[in-house]
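I opened the two-chain model today and kept short notes. Here is what I looked up.

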Amino acid sequence: MLQLNQIYKVFNEGTPDEKVAINHINLNMSPGDFVTVIGSNGAGKSTVMSVISGKLTPDLGTVNIDGKNLTELSEHKRSSFIGRVFQDPMAGTAPSMTIEENLAIAYGRVKSRGLGLGVNRKRRDFFKEKLETLHLGLENRLHAKVGLLSGGERQALSLLMATFTEPKILLLDEHTAALDPSRAELVTQLTKEIVSQYGLTTLMVTHNMQQALELGNRLIMMDKGQIIFEVDEAAKQELTVEKLLNEFQRIRGEKMNNDRAVLI
Amino acid sequence: MPTAIFGSLEAGALYALMALGVYLSFRILDFPDLTVDGSFVTGGAVAAVMIVNGFNPFIATIAAIVAGFLAGCFTGLLHTKGKINALLSGILMMIALYSINLRIMGKSNVSLLSEETVITKITEFWKQLKIDDAIQTGLSAIGIGGFIPKTWAILFLMVILAFIVKVGMDWFLKTELGLALRATGDNETMVRSFSVDTDFYKIFGLGLSNALVAFSGALVAQYNGFSDVGMGIGMIVIGLASVIIGEAVFGAKNIIRATAAVIGGAILYRIIVTMALRVEFLETGDMKLITALIVICALILPKVIDRQKEKQRKRKRLKAMKQADAEGRGQNLAAVKSDL
């Protein structure tokens with residue numbers, strides 16, 4: 001479904017601030033795969049997301065979705081089949097517009113936009129039905145401005161907006177990091193439900209190891225722009241936070257002594 | 001006095017279209033677009049030159065609207081494709097339009113006094129309806145027949161026109177295209193993730209905004225009987241004044257309310273200016289200063305009022321607490337001490 005081939009991206013090339021954000025990464029996701037990505041700050045996780053979503057173009061390598069090479073396709077064109085939820089609850093919704101209007105914009109992803117009303121009766125019923133799946137009572141507040149919602153409600157709405165049109169790829173960029181623990185748990189549960197309901201091919205970045213273990217069928221660990229550790233479906237079941245930390249220590253520790261290439 | 005107020009109502013209705021255009025760029029797209037100073041004149045210039053050259057005034061006005069649309073699109077192109085700062089791209093376009101407007105007119109002033117314009121046409125049409133006479137008898141009956149405007153046509157038809165544009169805008173902003181346009185001004189990151197080409201919507205939105213501004217410019221030129229290269233100076237501030245006064249006085253809870261408020265604001269602004277100019281020591285040249293002062297007041301006053309209300313609320317709260325204190329002194333103090 002999603003293939004990253006030899007992606008390489010460097011920032012500020014030729015200056016003292018030069019930083020290789022992604023160093024020849026390969027990733028191959030099958031339909032329905034749910035991959036969680038962990039790694040320290042500056043590991044290149046967000047850059048990988050940006051390269052997939054089209055916000056950045058890689059210096060080398062290709063991005064393929066469904067067998068098609070999309071490396072040079074612009075961000076807005078690509079987003080017709082990529083759903084995204086951002087870390088900042090403010091980023092995924094339009095605050096001065098109502099809940100139903102926000103959903104109508106999300107709905108426009110799969111339909112070309114014309115001079116028809118954004119929200120008509122048929123759509124309103126459809127939106128209500130979708131909002132009910134969040135169990136937050138938002139279906140009764142269709143005309144409320146999204147700016148009035150709490151961070152958790154907004155993030156749940158963002159998640160719904162990113163997914164209800166069933167995109168080919170879902171990108172979750174630390175989407176629970178800005179929420180308090182109970183709200184984060186709620187959004188995590190919703191993510192689980194929605195992803196399995198639509199069978200979405202999902203890539204999720206997180207700093208929360210527990211969440212990385214709880215969600216998804218595969219896990220990758222990134223460091224310094226490379227994938228340093230990969231766990232498949234069978235092995236992931238056995239994994240614990242402690243084992244993950246040990247693994248991280250082991251790889252990082254060895255790195256000091258050994259040649260980089262041996263490890264990858 | 002009534003005649004002066006009547007004139008300001010007429011002008012207010014004409015300038016309301018410009019204010020709606022400014023509302024579109026300033027509020028909906030969140031883009032402070034200074035192109036307005038130039039595109040207003042472009043509208044007047046195109047209409048005037050075409051009318052002088054024998055075109056039908058309605059066709060000339062439509063051409064003016066198209067010219068304004070193109071000017072707005074250029075500003076949008078400078079900003080999105082050229083990556084020039086919003087304010088700067090507007091200023092650049094405004095300056096460029098000054099020369100372009102001079103080229104269109106060929107001189108700095110084109111007179112329309114003996115020409116057939118949209119205004120003369122609708123006045124003639126209105127006369128056939130004989131509504132003026134009816135209103136006149138009505139007014140005489142209630143004893144204010146002494147005040148006789150030349151015609152009610154302009155006021156009535158221009159207010160109707162402003163409302164047609166308003167209703168059209170309300171509708172458009174609810175369509176799929178309109179929602180994407182509003183969201184572009186509200187949260188760019190978000191709409192881009194829903195396959196909205198924000199560059200296109202910015203260019204298109206600025207085009208629409210300046211089309212309305214040029215429409216207003218074309219009508220104002222025909223109303224005044226001339227088009228002048230300097231008639232756009234300060235137009236953006238007048239537009240902002242209308243938007244801000246309207247929102248402060250009439251409220252802007254939703255789009256339908258806000259667009260109505262903008263029309264009201266445009267008319268109110270004209271009335272305020274007319275009243276101010278009647279003050280003995282003020283001259284016509286002081287108008288821009290008055291405009292600036294009005295905008296400053298409209299921006300600061302609501303905040304001052306809010307702060308006063310807040311203070312009053314706190315004072316009340318304090319008073320109520322003191323009263324409660326006085327009533328049950330012993331227990332209350334004890335409670336405070338144990339809290340420490």
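**Ground rules.** I am working with a predicted model, in which local features need pLDDT of at least 70 and side-chain atom pairs count only at pLDDT 80 or more, while totals for chains, interfaces and linings use all residues. Residues are numbered from 1 along each chain as its sequence is written, and chains are lettered from A and ligands numbered from 1 in the order in which they are written.

**Chain A, record.** I checked UniProt for chain A. An unreviewed entry lists residues 2-249 as "domain: ABC transporter". Positions are given in the numbering used here, feature names are shortened, and such annotations may be inferred rather than shown by experiment. Over residues 2-249 of chain A I read 35% helix and 25% strand. The end C-alpha atoms of that stretch are 30 Å apart. Helices (H or I, at least four residues) and strands (E, at least two) are DSSP runs, numbered from the N terminus.

**Chain A, sheet.** I traced an open sheet of six strands in chain A, with the order β6-β7-β8-β3-β9-β10. Its pairing is mixed. Two strands pair if DSSP finds at least two bridges between them. Which strands stand at the edges? They are β6 (82-85) and β10 (226-231) of chain A; each has a single partner strand, so one side of each is left without a neighbour in the sheet. Neighbouring strands are turned by 20° against each other on average, direction ignored. Axes here are lines fitted to C-alpha atoms, for helices over the stretch in contact, and angles run from 0 to 180 degrees between N-to-C directions.

I looked at both ends of the sheet. β6(A) and β7(A) run parallel, joined by four bridges. Gly83(A) stands opposite Leu170(A) in β7(A).

Are the faces of β6(A) covered or open? Both are covered: Ile82(A) and Arg84(A) on one side, and Gly83(A) and Val85(A) on the other, are all buried. A residue is buried if 20 or more other C-beta atoms (placed from the backbone) lie within 10 Å of its own, exposed if 12 or fewer, and partly exposed in between. Helix α5 (residues 151-163) of chain A lies across β6 and β7 (169-173), running at about 175° to β6(A).

**Chain A, Leu136.** I found Leu136(A) in the loop between α4 (121-132) and α5 of chain A. It counts as partly exposed because it has 19 C-beta neighbours inside 10 Å. Leu136(A) touches Glu153(A) and Ala156(A), not counting residues up to four places away in sequence. Contact means that the C-beta atoms of two residues, placed from the backbone, lie within 7 Å.

**Chain B.** I counted 14 helices and two strands in chain B. Its C-alpha trace spans about 90 × 60 × 40 Å along the principal axes. Of its 340 residues, 44% are buried. Chain B is divided into domain 1 (2-278) and domain 2 (308-339), with bounds from an automatic or database domain assignment. The C-alpha centres of these two domains lie 55 Å apart.

**Interface.** I finished where the chains meet: 25 residues of chain A are in contact with 19 residues of chain B. On the chain A side, α2 (75-78) and α3 (99-107) each supply at least two residues. α3(A) gives the most, with four residues.
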